[in-house]
Amino acid sequence: MHVRHCIISAPGKAILHGEHAVVHGKVALAVSLNLRTYLELKATSTGKVSIDLPNIDTFLSWDLSDLQPLVSESFAKPEEAQRLDPELLGRLREFVGVTNGNLDTRSMATLAFLYIYLSLFGSGELPALSVCVWSELPTGAGLGSSAAYSVCLAAALLTASGAIPAPLRDPSAPARWCQEDMELINSWAFQGERIIHGNPSGVDNAVGTWGGMLRFLSGKIIPLSRVPLLRILLTNTKVPRSTKMLVAGVKDKLTKFPSVINPVLDSVDAISCTCEKTLAEMTSEPITGEHYNVLEELIDINQSQLCVLGVGHPSLDTLCRVTLTHGLHSKLTGAGGGGCGITLLRPETDAAVVRDTVRDLQACGYDCWETSIGGPGVQQHGAPSVREDILERLGPR
């Protein structure tokens with residue numbers, strides 16, 4: 001073990017514009033949320049490796065002697081994270097008791113952890129360590145919680161193994177890795193996402209790694225160098241939805257009505273590009289009320305377009321109606337059909353307006369958080385730079 005203790009965090013994500021345009025070769029803008037997942041790794045002398053996941057009431061521990069036989073004979077070097085090792089994954093599925101039909105959160109989180117751990121440490125003696133992961137992000141809400149988890153795992157285990165150096169120098173301030181190291185973190189996090197989701201786009205783990213805003217087009221992910229930090233209200237309608245079915249529904253509409261739906265997708269693409277241009281202006285010149293006027297208009301237009309594509313939902317209509325009564329503009333984020341929405345807050349939006357809006361949305365049975373978008377990606381922390389309530393959830397010092 002090169003690093004015997006570390007605290008890592010990574011953000012969740014929202015889609016600002018471009019939902020469902022991605023699969024049709026259009027631009028999507030994904031942004032980081034300042035709601036984060038935190039991981040604490042400690043070396044121990046127990047002869048075991050353990051993972052504690054308080055969000056899903058899960059604690060698991062294994063003897064190192066039971067894990068050692070699972071290690072692949074042709075283990076991956078840290079820099080070789082381009083493909084999953086099917087033999088190792090198969091052994092782990094059998095070891096954990098995961099069948100193809102058993103895709104619960106606990107099992108998938110366990111598989112991702114053990115796969116990355118054994119892949120990175122399998123060339124030598126397995127280290128005894130304990131990992132605790134706690135998240136501000138709700139699971140299953142389309143906010144990239146699994147990707148933030150995978151990014152934290154990858155960063156912590158790569159650092160502990162010595163594959164990348166620990167960037168932290170001042171315990172009172174978070175630290176970031178260099179570009180090359182973050183690319184390695186992202187590649188291993190993508191493997192975790194593949195284990196959990198099967199065929200992910202790579203957007204979620206890229207946002208968790210780099211933070212800020214990313215432009216996604218035809219499989220290419222480009223982090224934008226500068227973005228303004230925008231206040232938002234994030235609302236979870238708690239209405240479950242199937243991303244697979246929603247994507248299939250849009251494709252079906254496109255097949256039936258290509259002359260109708262193609263222009264809508266083109267318009268969604270244009271909104272993403274216009275939004276990107278506006279946000280770039282907000283980082284290079286004084287921010288004005290007109291910038292926010294444009295962003296609000298784009299939000300309203302985009303929400304209408306998404307309803308035309310068939311991915312709206314009465315719960316999201318209620319969200320937009322409630323926030324508009326307070327002068328605020330909202331749209332869905334993610335696949336739609338329920339799930340989450342984002343509401344833009346201007347700098348001058350009064351705290352009382354936010355409080356009343358949250359009250360009315362909670363009265364609808366929704367969960368709400370005031371947060372921001374465009375914050376930093378994966379970071380290493382010293383304990384002094386982490387909120388006390390988060391340290392308590394991660395366990396005793």
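Tutor: This is a predicted model. Begin with the packing of α5 and α6, whose axes are 9 Å apart at an angle of about 145 degrees.

Student: Which residues of α6 make the contact with α5?

Tutor: The crossing of the two helices, α5 and α6, is right-handed. On the α5 side the contact is made by Gln 179, Met 182, Glu 183, Ile 185, Asn 186, Ala 189, Phe 190 and Glu 193. The residues of this contact of α5 with α6 divide into 6 nonpolar, 4 polar and 3 charged. On the α6 side, the contact residues are Asp 204, Asn 205, Ala 206, Thr 209 and Trp 210.

Student: How many of the residues of α6 are buried?

Tutor: Helix α6 spans residues 203-210 and is mostly covered. The buried positions are Val 203, Asn 205, Ala 206, Val 207, Gly 208, Thr 209 and Trp 210. They pack against β1 (5-17), β2 (28-43), α4 (145-161), α5 (179-197), β6 (213-217) and β7 (220-223). The count of buried residues in α6 is 7 of 8.

Student: Which residue follows α6, and what is its phi?

Tutor: The residue after α6 has a positive phi. It is Gly 211, with phi near 70 degrees.

Student: Is Cys 340 buried or exposed?

Tutor: Cys 340 is found in strand β10, residues 340-345. Beyond its neighbours within four places in sequence, Cys 340 is in contact with Ala 141, Leu 143, Leu 234, Thr 235, Asn 236, Leu 316, Leu 332 and Thr 333. Its relative accessibility is 1%, and the cut-off is under 20%, so Cys 340 counts as buried.

Student: How far apart are the C-alpha atoms of Cys 340 and Leu 319?

Tutor: Along the chain, Cys 340 and Leu 319 are 21 residues apart. Their C-alpha atoms are separated by 9.5 Å.

Student: What is the phi of Asp 57?

Tutor: Most residues other than glycine have a negative phi. Asp 57 lies in the loop between β3 (48-53) and β4 (58-63), and is exposed, with a relative accessible area of 74%. Although Asp 57 is not a glycine, its phi is positive, at about 50 degrees.

Student: Where is Lys 238, and what is its phi?

Tutor: Lys 238 is in the loop between β8 (230-236) and α7 (243-256). At 47% relative accessibility, Lys 238 counts as partly exposed. Lys 238 is a residue other than glycine with a positive phi, near 65 degrees.

How values were computed:
Residues are numbered from 1 along each chain as its sequence is written. This is a predicted model: local features need pLDDT of at least 70, side-chain atom pairs count only at pLDDT 80 or more; totals for chains, interfaces and linings use all residues. Side-chain values use heavy atoms; hydrogens and water are left out. Buried means under 20% relative accessible area, exposed over 50%, partly exposed in between (1.4 Å probe, protein chains only). Helices (H or I, at least four residues) and strands (E, at least two) are DSSP runs, numbered from the N terminus. Contact means heavy atoms within 4.5 Å. Axes are lines fitted to C-alpha atoms, for helices over the stretch in contact, and angles run from 0 to 180 degrees between N-to-C directions. A crossing is left-handed if the near helix is turned anticlockwise from the far one by less than a right angle, and right-handed if clockwise. Ala, Val, Leu, Ile, Met, Phe, Trp, Tyr, Cys and Pro count as nonpolar, Asp, Glu, Lys and Arg as charged, and the others, Gly among them, as polar.
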